[in-house]
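Subject: Structure for you to look at

Hello,

Here is the structure I said I would send.

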Amino acid sequence: MIVGTEFQGDSIRIGMIQHDSYGEALRIIIDFAIDKHRHAERVVDVRTELSDLRDELNSFDHRALQWLHDRMAAAFRMEYCLNADLFTYSTPDPHTPTQTVSFWLEFLRKELARVFSHHLELPRLILTAALYPNPDKRGMKAEDEIYELTRRLYPEMEMNHSEGEKGTVDLYQSKPQY
């Protein structure tokens, strides 16, 4: 996970907490994809090369799913920081890091289900990106599709991220401390 600010009011503190739970979040993403892919396989009664690789999965290069994770992590921070009004200039976060991790991982599960309800290809893209790593063209194509999907799903991040690259500084962002 790359920790940085994605929107005005973003919290480096929450980003660091998410960074520390990166492996657990990736496991949730992969388990989600495996579960949905197995279900689809049972429904259509078809096994593929991807199915065989999926069943032998022991590890994968995290970078294939980093963009998806980081966009969803930023969406969580946007909801947590802005909608809950927890990170105004003088109000500290009332939650412990453990509580924040619980909130984040629950959000991730719900967000994966929400996205899947409109984009049934998501589990296949996740598994293809993870199981056919760069330089395999199949994995690279899946990563590109995940990137484009997240750009459409989280346009406010894209807009704010671009503004941040132009040198916008948020004077009220949280300090990077627990």
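In which kind of crossing does helix 2 pass helix 5, left-handed or right-handed? The crossing is right-handed. Please keep in mind that this is a predicted model.

First, the overall picture. The chain contains eight helices and zero strands, so that reading along the sequence gives the pattern α-α-α-α-α-α-α-α. Of its 178 residues, 44% count as buried. Taking contacts between residues at least 6 apart in sequence, 74% join residues at least 24 apart.

Now helix 2 by itself. Helix 2 covers residues 22-44. An α-helix has 3.6 residues a turn, so residues three or four places apart point the same way. Just after helix 2, Asp45 has a positive phi of about 55°.

Next, the packing of helix 2 on helix 5. Two packed helices are described by the angle between their axes and the distance between the axes. For helix 2 and helix 5 (residues 97-118), the angle is about 30° and the axes are 10 Å apart. Angles under 35 degrees count as roughly parallel, and helix 2 and helix 5 are therefore roughly parallel to each other. On the helix 2 side, the contact uses Glu24, Ala25, Ile28, Ile29, Phe32 and Lys36. These meet Val101, Trp104, Leu105, Leu108, Arg109, Leu112, Ala113 and Phe116 of helix 5. By class, this contact has 11 nonpolar, no polar and three charged residues.

Helix 6 passes helix 7 in a left-handed crossing. Helix 6 contributes Leu122, Leu125, Ile126, Thr128 and Ala129 to the contact, and helix 7 contributes Arg138, Gly139, Ala142, Glu143, Glu145, Ile146 and Leu149. Here the classes are seven nonpolar, two polar and three charged residues.

Regards

Technical notes. Residues numbered from 1 in each chain as written. Predicted model: local features only at pLDDT ≥ 70, side-chain atom pairs only at ≥ 80, totals over all residues. Heavy atoms only, no water. Axes fitted to C-alpha atoms, helices over the stretch in contact; angles between N-to-C directions. Helix = DSSP H or I, 4+ residues; strand = E, 2+ residues; numbered from the N terminus. Parallel < 35°, antiparallel > 145°, perpendicular 65-115°, else oblique. Left-handed = near helix turned anticlockwise from the far one by under 90°. Contact = heavy atoms within 4.5 Å. Nonpolar A, V, L, I, M, F, W, Y, C, P; charged D, E, K, R; others polar. Buried < 20%, exposed > 50% of the residue type's maximum accessible area, 1.4 Å probe, protein only.
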